[in-house]
Amino acid sequence: KEAAPLNFIEHIIEDDLRNGYKKEQLCFRFPPEPNGYLHIGHASSICLNFGLGEKYNAPVNLRFDDTNPAKEEQEFVDAIKRDISWLGYEWATECYASDYFQQLYDWAVAMVKDGKAYVDSQTSEAIAEQKGTPNTPGKPSPFRDRSVEENLDLFEKMKNGETKEGEHVLRAKINMESPNMLMRDPVMYRTVNKSHHRTGTEWKIFPMYDWTHGESDYIEQVSHSFCTLEFLPHRELYDWFLDQVVDKDKLRPKQREFARRNLSHTVVSKRKLAQLVSAGIVTGWDDPRMPTISGLRRRGYTPESIKNFADSIGVGKRENLIDVSHLEFNVREDLNKKVPRIMVVLDPVKLIIDNYPEGQTEMLEAENNQEDESAGNREVPFSKELLIEREDFKAEANRKFFRLTIGKEVRLKNAYIIKGESVVKDANGNITEIHCTYDPDSKSGSGSEASLRKVKGTLHWVSAAHALPVEVRLYDRLFTEASPDTNKEKDFMEFVNPNSLEVITGYAEPSIKDSQPEDKFQFQRLGYFVVDRDTTADNIVFNRTVPLRDSWAK
Ligand code: ATP
Ligand code: MG
Ligand code: MG
């Protein structure tokens, strides 16, 4: 494989290696907050960080940024680990910001003693108001010059849970006139009276993101801390907080930013996805319509298709909206190489072969995957009464209709050439039976002259008596708008597609009767489908991953 050109993130690393960093010092992390399931946007960040780990043979930590007990849960920790492993990545160390609470507290106490932090006893509204605007300087808090002793005493009381939630916060003493609003004495700690999923009720004070993230990177000796662009203004604070604790002999982490990846016709924000779950729009975080990694997995996506998608969009410096058809293209490409073909009819009409012997069944050879010889063959039962797709027949049709009509020939896949003869209709004029005749010498693969005859169309079919009814879930886009959460007037929930799921009965060839959840197939001429975990002994459930072609491109 030809070496790909370096992206700007790799340029940063290469420059650092040229300017004194040792290769052994490289260390990366992926830092999710366990407040929801990972989504396709996170996949970009996972592929970036773990991809760098593979490229530079450097460790990548999985760090749970678990500093807000109000929103975080063990279920999310477990789901995040499962999803990253499923993508095929191995983290060097499983880390938790909550494991650093004592160290962070000790450093904060040292800062208080040093006059670098103080306890503010105002309401959050008052604090916000005094911050001012980017063009006007902020006002100092009346508590800014509290004595070290008083600060230490109050901070200790906060820690011991002797103060009320919202009564005091600890703030860094930086610069109330900084043009960077984040530098105007940012809050470092607040009290939260909730049990934390790991530390229980041991801690009553919880560190804020900015105070936690860089120090966690430093504790783990992460060399490059990559985050999304909205953290660019936080970099100055990241560096200021590091200045308070970094030991000269140790590696100093660097924060660098890349653009968030957004996907069309969905939302990539855990908070918004949580809303879809709690409103019952979807059945859960792993509903096959969700852009979560678990949802995509249940929808039939492979790890490779997600990684190829992430690699193909790459890392950039500007935010953009990637059309979901690009993701679908990647899954088709991957499944085309890997999965067996089967015949399933989704909207059946009966096809009767008038000149085929009554009561006879023959087993026909069918190739599992023409893209993969090692996939082998299987047998499919053929008989006088078959089912074909209703839309594959028209009594009268123009010359561009290459499917079945009266008086014209088509091939039945893996079987014979047939010719349309007549139809039977019910009282309402709906076709209930199509009659045809077959050419007994035209069997596929027999090598006979008739079998090599060229006919324009090939149809899939199943034998009516042998077909297995299966439940088929047809999914469509979850939102009707390409960018549902950027509309200024309407909430994204107003753009939910009311027809994102249609459940039908399909008729499958019997070869699939022992299928297990996550087994994937191409239903010939229709699309890619995966067996859902809702499958039971007498009801196989399929999810449509994607249709064979991009029907939205029409
Ligand atoms: P959300 O708003 O969905 O909760 P987040 O950024 O708050 O997203 P985190 O759990 O903090 O979620 O994210 C872990 C990592 O994944 C961070 O480094 C974050 O920047 C990155 N990330 C999150 N969303 C995207 C995205 N859409 N594209 C690229 N990277 C992302
Ligand atoms: Mg975050
Ligand atoms: Mg978030």
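Colleague: Where is the place of Arg399?

Modeller: Arg399 is in the loop between β17 (385–389) and β18 (409–412). Strands (E, at least two residues) and helices (H or I, at least four) are DSSP runs, numbered from the N terminus. The C-alpha atoms of Arg399 and Arg252 are separated by 72 Å. Along the chain, these two are 147 residues apart.

Colleague: What kind of model is this, and how are residues numbered?

Modeller: This is a predicted model, where local features need pLDDT of at least 70 and side-chain atom pairs count only at pLDDT 80 or more, while totals for chains, interfaces and linings use all residues. Residues are numbered from 1 along each chain as its sequence is written, chains are lettered from A and ligands numbered from 1 in the order in which they are written, and side-chain values use heavy atoms, with hydrogens and water left out.

Colleague: New topic. Which residues of α4 are buried?

Modeller: Phe101, Leu104, Tyr105, Trp107, Ala108, Val109, Met111 and Val112. Just after α4 comes Gly115, with a positive phi of about 75 degrees.

Colleague: And in α11, which ones are buried?

Modeller: Pro303, Ser305, Ile306, Phe309, Ala310 and Ile313. They pack against several elements, including α2 (40–56), α3 (74–87) and α12. Gly314 follows α11, and its phi is positive, near 65 degrees.

Colleague: How do α11 and α12 cross?

Modeller: The axes of α11 (residues 303–313) and α12 (residues 324–338) come within 8 Å and cross at roughly 135 degrees. Axes are lines fitted to C-alpha atoms, for helices over the stretch in contact, and angles run from 0 to 180 degrees between N-to-C directions. The two helices are therefore oblique to each other. Under 35 degrees counts as roughly parallel, over 145 as roughly antiparallel, 65 to 115 as roughly perpendicular, and the rest as oblique.

Colleague: Which residues of α11 and α12 meet?

Modeller: Glu304, Ser305, Asn308, Phe309, Ser312 and Ile313 in α11 meet His326, Leu327, Asn330, Val331, Asp334 and Lys338 in α12. Contact means heavy atoms within 4.5 Å.

Colleague: What about α7 and α8, at what angle do they cross?

Modeller: Roughly 60 degrees, with the axes of α7 (residues 209–220) and α8 (residues 235–245) coming within 9 Å. That makes α7 oblique to α8.

Conventions
Buried means under 20% relative accessible area, exposed over 50%, partly exposed in between (1.4 Å probe, protein chains only).
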